[in-house]
Amino acid sequence: MGERFVVSALVLLVPDVEQVVEPWRERYDPRVAEGIPAHVTVLYPWLPPTEIGAEDLEALGTIAAAQPAMELVFERIGQFHRGLWLAPDPAEPVLRLIEAVTDRWPDYLPYGGAYLDDPDDVGPHLTVALGQDTEQLRALAEEVTTRLPLTARVAGLDLVVGDEDGNWSLRESFPFAPRTTPPRD
């Protein structure tokens, strides 16, 4: 077993979508066993939990409060790195949030900077499966497509932390500003 480390992440939890994708995630995403709920990653890895100070939490609150609540639609499916994902639409609010947190904490790059050479390789997404072969992913994609589109209302930015045993939990949520325009029909 590999060495585990204590880490945190900033994510958008999508419980409305999780209800639909949970059976696939339980079967095809090993991270579910670690307590990682369905989400769209904003910034991973972020600060070690023991280094998160009051000023960091205050900054997260300010960043979130400047972002209107989102309604994301997941209707496009894609594959990368032996994984299957759903893309949120519109992606722009998520990208603005990613930019805001990376501007505030420039030493923490999305996915540790692993995809800087090809930023289009991993955009905002919700992972449904990891570690599957091409045939498994193709069959799963066909099955998942039958349940699309999925809609999620996202009311805030969530801070999740992983412990030394590799288990994740929600530490705090930071509410977005109320929507100023009605959601899409």
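In this predicted model, the largest nonpolar core has 46 residues, and L12, F74, L126 and L157 are the ones that touch the most other members. A separate core of six residues lies apart from it, with V7, A9, I36 and W168 among its members.

**Around L126**
- Setting aside residues up to four places away in sequence, L126 touches V14, V17, V21, A38, H39, V40, F74, L84, W85 and L86.

**Helix α4**
- Helix α4 runs over residues 134–145, and its end C-alpha atoms are 16 Å apart, in agreement with the 16 Å that twelve residues should span at 1.5 Å a residue.
- On α4, the buried residues are L137, L140, A141 and V144. Their arc around the axis is only 110 degrees, so they sit on the same side of α4.
- As a reminder, an α-helix has 3.6 residues a turn, so residues three or four places apart point the same way.
- The buried residues of α4 pack against α1 (15–28) and against the strands β3 (70–80), β4 (83–89) and β5 (126–130).
- Exposed residues E135 and E142 are carried on the face of α4 turned away from its buried side.

**T41 in strand β2**
- T41 belongs to strand β2, residues 39–43.
- With a relative accessible area of 13%, T41 falls under the 20% cut-off and is therefore buried.
- The side chains of T41 and H39 are joined by a polar contact of 3.2 Å.
- Beyond its neighbours within four places in sequence, T41 contacts L10, V11, I98, Y111 and H125.

Technical notes:
Residues numbered from 1 in each chain as written. Predicted model: local features only at pLDDT ≥ 70, side-chain atom pairs only at ≥ 80, totals over all residues. Heavy atoms only, no water. Helix = DSSP H or I, 4+ residues; strand = E, 2+ residues; numbered from the N terminus. Expected span 1.5 Å × (residues − 1). Buried < 20%, exposed > 50% of the residue type's maximum accessible area, 1.4 Å probe, protein only. Arc of directions from axis to C-beta. Contact = heavy atoms within 4.5 Å. Core = buried A, V, L, I, M, F, W, Y, C linked by side-chain atoms within 4.5 Å. Polar contact = N/O pair within 3.5 Å; in protein donor to acceptor, adjacent residues only side chain to side chain.
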